[in-house]
Amino acid sequence: MRLLFFLKKEALQFLRDKAIFLFVLYAFTLDVYIAGNGFILTLKNGGMALFDLDKTVMSREMTSRIRKPYFQWKEEIKSSEEALRLLDQGKTLGVLTIPPNFQKKLHQGRTVSLQLLLDGTQITSSTLASAYIAQITADYGQEFALKYYGISSPTMAHMPRVDGRTRVLFNPNLEDPYFTALDELFMVVTMISIILSATALVRERDYGTLEQLLVSPIKPRQIILTKILFTMIALILASHITLLLVLQGAFGIPMRGSYLLFMGVTALYIFSCCGIGLLIATLAQRLGQIGLLTILFLAPILFLSGGWVPTEAMPRWMVPLTYLSPLKYYTDLGLGIYLRGESFSLAWREILAMAAVGSGYFLYGLVRFRKIYR
Amino acid sequence: MSRESFNRIKAVSSKELKEIIRSPLFLLLAHFVPVALFLVFGFGLSLDVENIPTALLDLDRTQTSRELVNGLVKTKYFHLQERAENNQRLINLLKRGKIRLALVIPPQFQKRLYQDRASPIQVLVDGTYPYRGLVIKNYVKAYLTSFNTGLAQNWLNKRGQTSVNLQPIKLETRFLYNPSLVSSYSLVPGLLVVILMMNPAIMAALAIVKEKDYGTIYNIYSSSITRWEFLLGKVIPYYGLNFINILILFLLSLVLFQVPFKGSLFLLLLGSIIYIFTTTGMGLVVSAFTRSMVAAQIVTIIITIIPSFLYSGLLMPVSNLGREGEIEAHLFPAMYYMKIVQGTYSKVIGLKEMGTNYLIILAYGTILFFISLLLFKKREG
C-alpha cells in the first residue's frame with residue numbers, strides 16, 4: 001500500500017512537469033517515425049555527372065544503364081576541372097569519365113578503361129555506387145564481348161556457370177525503416193530510462209526532500225526500487241505506443257516473433273538501464289551533473305551496441321568491450337525477436353547474458369548508493 | 001554598451017564561472033566528456049563492411065566447391081565462421097544474428113559444371129541491417145561474376161578461342177578526398193560536429209534553470225540587471241570552456257588520429273566559434289522555457305544527441321536522407337557546420353563556396369538568443 005502511494009507520487013511528479021512528459025512522448029513517437037522515414041542507408045538517386053569524351057552510340061547505351069532507382073544523371077560536363085568543382089561543392093556523388101575512342105577500341109577487341117571519381121567523404125554511398133557501377137559496366141562489356149566474338153546465346157547455355165540464387169531473409173526488400181525505426185526505438189529507450197532513473201534518484205537529494213523520505217516508514221531500498229519500478233512501467237507503456245502506433249501502424253513492420261517475449265526482453269533491458277542510472281546517481285553530487293554523466297555513459301553504450309557500427313568492423317581489442325554494453329544484447333535480441341522471429345529457445349543465452357550484465361550494474365549501483373546514504 | 005551594463009555582465013559571468021570551477025566534477029566533465037567521446041568514436045567508428053561472419057553448408061565437398069568458397073573467404077570481406085552440418089543450423093545461426101551470410105552448395109555442384117551447365121548455389125543474406133545486406137549482396141554478386149568469367153574463359157580456351165577478352169571494359173575507381181576510404185578521415189572531423197553540439201547545449205541548458213530550481217533566480221528578478229545582460233553574462237563562460245574544447249579536439253584529431261588537415265585553420269576556428277555560439281543558444285532556449293533541471297537535461301539530450309548523430313551528415317550524406325530526414329537536417333545547425341568541417345579538413349575550399357554556411361549558423365544562433373530573451377521573463381508565470 002505504501003509502495004502504491006509512493007508510485008503514485010512518482011507518476012504525479014512525472015506528469016506534472018509538462019516539458020518532460022511532452023518530450024518523452026515526442027521521443028517515443030515522432031522521433032522514431034522521423035528516423036524510420038528519413039534515414040535511407042541504401043543508395044537512392046545518387047547524383048552522377050557524366051564526362052563523355054566519346055559520345056557514341058555505345059557510350060550512351062552503357063550510361064543509360066546507370067539509372068534510377070540507384071542513380072540519376074545530374075548533368076553532362078565538359079572539362080575535368082568542372083568535375084572537381086562539382087565534387088568540391090558536394091553537388092554530385094561521383095563523376096564517370098568515358099575516354100575518347102571508347103567505341104572504336106572495343107570494336108578493335110582492345111580493353112578500355114573508364115574512370116570513376118567518387119566522393120570519399122560519403123563512405124556508404126560511395127561504397128555502394130562503386131559496386132553498382134562496376135557491375136553495370138562489367139556486364140555491358142561482357143555482353144559486347146560475347147556478341148563480338150560471335151558467341152551466340154545457345155552456345156552460352158552450354159558454358160559452365162555458377163548460378164548464385166540470392167535470397168535476402170527477414171527483410172526481403174531491404175527496406176530501411178525495418179532497421180532504422182527499431183534501432184531508434186532501442187536508442188530512445190536507453191537514453192530515457194538512464195536519465196529518468198538517474199534524475200529520479202538524485203532529485204530528492206538535491207531538493208532536500210530525501211531527509212523527509214528517509215524519516216518516513218519507507219525503507220531506502222524501497223525508495224530506490226519504487227523509483228525504478230515507475231521508470232519501468234512508464235517506459236514499457238511508452239514502448240507499447242511506439243510499437244503499435246509507429247512500428248506496426250505507420251511502417252507496417254511485421255512482428256515475426258512473440259510479442260510477449262519482445263516486451264519481456266524490453267522490460268529486462270529497461271531494468272538494466274536503470275541499473276546504470278542508479279550508478280550515475282551515485283557518481284553525481286548535484287542534479288546538474290546528470291546530463292553530462294549520462295552522455296558519458298550513453299555514448300559508448302550506443303556505440304558498442306553494433307547497431308550502427310558492425311561489431312566485426314571494430315578493432316579487435318574493442319570487441320570484448322561490446323559485451324559490457326547492455327544495448328548490444330538488446331539490439332541483437334530486439335531485432336532478432338521482432339524481425340527474425342527468434343524464439344526463446346534460440347534467444348535464452350543472450351537473455352541470460354543481458355540479465356547478468358544488467359544485474360551487475362544494478363548491484364554495483366546499489367552498493368554505492370547504500371554507502372552514500374547510510 | 002554603457003559601463004554599468006558591462007559591469008553587470010561581468011559580474012554574472014564571473015559568478016557563473018566561479019560556480020563551474022567550484023564544482024570540480026562539472027568542470028572535469030565539461031572537458032572530459034568531449035575528449036572521451038572523441039576517443040571512443042574516433043578509434044572505432046567504422047562503417048566498413050568487412051569480416052562478414054559467414055557460414056557454409058557444403059553438400060558437394062569437391063575441389064571446385066572448395067575453390068569457390070576459399071576464393072570468397074580469403075578476401076577481407078568475408079570470414080568463414082562455421083561449416084554447418086545441416087540447413088536448420090544455418091537458419092538458427094541467421095536467426096540468432098550470429099552470421100550475416102550463409103552459402104549452401106548442393107550435391108552435384110561440380111558435376112553440373114563439368115557437364116557445362118548452370119550450377120545453382122544458394123546464397124542467404126541477413127536483411128536485418130539493410131545497408132550491410134546490400135553490400136554483402138553486391139560483394140557476392142561481384143565475386144560470382146569474376147568466378148564465372150574465369151570458368152567461361154577456361155571453357156573458351158579449351159575450344160581454341162584463346163584470344164577472347166571477356167572483360168573489355170575496366171573501371172578505375174578513385175575515391176576523392178579520402179582515397180582509401182579510411183572511415184576515420186571523414187568520421188573524426190565529423191565528430192567535432194556531434195560533440196560541439198551536445199556539450200555546449202547540455203552545459204548551457206542548466207544556466208538559467210539552475211537558478212529557478214534552487215530559488216536563487218529571485219535575486220535576479222529583483223536586481224537592476226536587464227534580461228539580455230543576464231543571459232549574455234550567463235553564457236560567456238560556456239563559450240570560453242567550449243572554445244578550449246575546440247582546440248583540444250582539433251589537436252587530438254591531428255596528433256592522435258593523424259587526420260590530414262589541408263584547409264585554412266582560421267576558417268575552421270571561425271566556423272567552430274559561431275557553431276558553439278549557436279549550440280549554446282540551443283541550451284539557453286531550453287533553459288529559458290523549462291522549470292526544472294531534470295526537464296532541461298532530458299529535453300536537451302533528446303534534441304541534441306540523436307539529431308547530431310543522424311542528421312548531420314556524419315553517418316549518411318544529407319542528400320541521401322528521405323524527405324522527413326532532410327527537413328530535420330536543414331532545421332539543425334549541425335549540417336551546415338559539417339560542411340565547414342569537411343570543407344576545411346579534406347576539401348580545400350574557401351569562404352566563397354562556404355560563406356552561406358557561416359551566415360546560416362550565425363543567423364540561427366542569433367535567432368536562438370532572441371528566442372531565449374523572449375522566453376525568459378523577469379517574473380513568475
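Two residues are in contact here if their C-beta atoms, placed from the backbone, lie within 7 Å. This is a predicted model: local features need pLDDT of at least 70, side-chain atom pairs count only at pLDDT 80 or more, and totals for chains, interfaces and linings use all residues. Residues are numbered from 1 along each chain as its sequence is written, while chains are lettered from A and ligands numbered from 1 in the order in which they are written.

**View 1. Ala19(A) touches chain B.** Leaving aside neighbours within four places in sequence, Ala19(A) is in contact with Thr290(B), Ala295(B) and Val299(B). Ala19(A) sits in helix 2 (residues 18-28) of chain A. Helices (H or I, at least four residues) and strands (E, at least two) are DSSP runs, numbered from the N terminus. A residue is buried if 20 or more other C-beta atoms lie within 10 Å of its own, exposed if 12 or fewer, and partly exposed in between. Ala19(A) counts as partly exposed because it has 18 C-beta neighbours inside 10 Å.

**View 2. The contact between chain A and chain B.** Chain A gives 109 residues to the contact, and chain B gives 115 residues. On the side of chain A that touches chain B, helix 7 (residues 123-148) of chain A supplies the largest share, 18 residues. That side of chain A divides into 59 nonpolar, 33 polar and 17 charged residues. Ala, Val, Leu, Ile, Met, Phe, Trp, Tyr, Cys and Pro count as nonpolar, Asp, Glu, Lys and Arg as charged, and the others, Gly among them, as polar.

**View 3. Strands pair across the two chains.** Strand 5 (residues 161-169) of chain A pairs with strand 4 (residues 118-126) of chain B. The two run in the parallel sense, over nine bridges. Strands pair if DSSP finds at least two bridges between them. Val168(A) stands opposite Val125(B).

**View 4. Strand 1 of chain A and its partners.** Strand 1 (residues 46-52) of chain A runs parallel to strand 2 (residues 71-76) of chain A, joined by five bridges. Here Gly46(A) has Phe71(A) as its bridge partner. Right-handed means that, with the strands pointing away from the viewer, the path from the first strand over the helix to the second runs clockwise. Strand 1 of chain A is also joined to strand 3 (residues 94-98) of chain A, in parallel, by five bridges. There Met48(A) is the bridge partner of Gly94(A).

**View 5. A β-α-β unit in chain B.** Strand 1 (residues 52-58) and strand 2 (residues 78-83) of chain B run parallel, with five bridges. Ala55(B) stands opposite Glu82(B). With helix 3 (residues 63-73) of chain B, these strands make a right-handed β-α-β unit.

**View 6. The largest nonpolar core.** This core has 216 residues. A nonpolar core is a set of buried Ala, Val, Leu, Ile, Met, Phe, Trp, Tyr and Cys residues joined through C-beta atoms within 7 Å. Ile280(A) and Val193(B) have the most contacts inside the core. Its largest share, 20 residues, comes from helix 7 (residues 183-214) of chain B. Beyond four places in sequence, Ile280(A) touches residues including Ile194(A), Ala198(A) and Phe297(A).

**View 7. Ile195(B) in helix 7 of chain B.** Ile195(B) lies in this helix. Ile195(B) is buried, with 25 other C-beta atoms within 10 Å. Pro34(B) is 161 residues from Ile195(B) in sequence, yet 5.9 Å away in space, C-alpha to C-alpha.
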